[in-house]
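Here are my notes on the model, as numbered points. Please read them with the structure open.

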Amino acid sequence: MTELTFHCTGVRADRYAAGPTLVFRLRVTTPDPTPVHALALRCQIRIEPARRSYAPGETEPLTDLFGERSRWGSTLHPVQFAQVPLMVPGFTGETETDLVVPCTYDMDIAATRYLDALEGGEVPLLMLFSGTAFTGDAGFRVEPVPWDREAEFRLPVATWREMIAQHFPGCGWIRLPSDVMDALRAHRSRRALPSWEATVRELLATAAEFGPDAGPRPGPADALRAAAGAGAGRQERTTAR
């Protein structure tokens, strides 16, 4: 079986991609002089949170993921970051290739919440490789890539922030259930608000007027409709005066 070794030598944010994308540079080597015609790889990337230290300011944002800091000795389990396929062209001895990893800014994803909570430094990653190797001097033979092939890499947090800033400068992202989105859309239309930002800001201002002791909390869509109704009623009273 051909002995393959993987190393990650760098990473960059792809500024020309349609969405947030990281490009890792991989070096694949083999001491065997037999040509490798192609590699069909599966690459799983995991965050290893136990392999770095954390600043005091990072404790609160990470509590949702790992619990209280006193428990982190047993709760800092690996977090799935990505799983992507990769085709490596033929080579003999050594080659370098790009591993393109599409990313997301969905704050419901554990890896995104983890990265967003960090103030700086590096993120310890573990890349796990498997797949199929096509090798041979005359013709080719098919070999599995052993499941124990892996590479460690430390992703700079600054590179992650650069990637996000290229596509969402100064912005965040939130996913809403369809009934809440329908109520939000109806409120925006009814109030003729120019943007989603203006819509949310008006609702927050209305909610602040009622204060935290306004009684039992309704469901998300009900709360949105109630806030929208309160805003509409206030506008009608102002017009009547």
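1. Start with Leu39. Leu39 stands opposite Ala133 in β6. Strands β3 (residues 36-47) and β6 (residues 122-135) are joined by 11 bridges and run antiparallel. Strands here are DSSP runs of E, at least two residues; helices are runs of H or I, at least four residues; both are numbered from the N terminus.

2. A word on the basis. This is a predicted model: local features need pLDDT of at least 70, side-chain atom pairs count only at pLDDT 80 or more, and totals for chains, interfaces and linings use all residues. Residues are numbered from 1 along each chain as its sequence is written, and side-chain values use heavy atoms, with hydrogens and water left out.

3. Now the sheet. Four strands make an open sheet, ordered β4-β3-β6-β7, with antiparallel pairing. Two strands pair if DSSP finds at least two bridges between them. At the edges lie β4 (79-91) and β7, each pairing on one side only. From one strand to the next, the twist averages 20 degrees.

4. Two helices pack on this sheet. Helix α3 (residues 110-117) touches β3, β4 and β6, and its direction makes about 100 degrees with that of β4. Helix α4 (residues 157-167) touches β4, β6 and β7, and its direction makes about 95 degrees with that of β7. Contact means heavy atoms within 4.5 Å. Axes are lines fitted to C-alpha atoms, for helices over the stretch in contact; angles run from 0 to 180 degrees between N-to-C directions.

5. How many salt bridges does the structure hold? There are 16 salt bridges. Each is a side-chain nitrogen of Lys or Arg within 4 Å of a carboxyl oxygen of Asp or Glu. Side chains of opposite charge can pair when their charged atoms come close.

6. Look at Arg149 and Glu3. Their side chains meet in a salt bridge (2.9 Å, N to O). The pair links distant parts of the chain, 146 residues apart: Arg149 is in strand β7 (residues 141-156), Glu3 in the segment before β1 (5-13). Arg149 is buried at 15% relative accessible area. Buried means under 20%, exposed over 50%, partly exposed in between (1.4 Å probe, protein chains only). Glu3 is partly exposed, at 42%.

7. Check two further pairs. Glu143 and Arg141 form a salt bridge (2.6 Å, N to O). Glu143 is buried at 7%; Arg141 is partly exposed at 38%. Arg46 bridges to Glu48, with the closest N and O atoms 3.5 Å apart. Arg46 is partly exposed at 26%, whereas Glu48 is buried at 15%.

8. Finally, a network. Salt bridges link Arg12, Arg25, Arg27, Glu94, Glu96 and Asp98.
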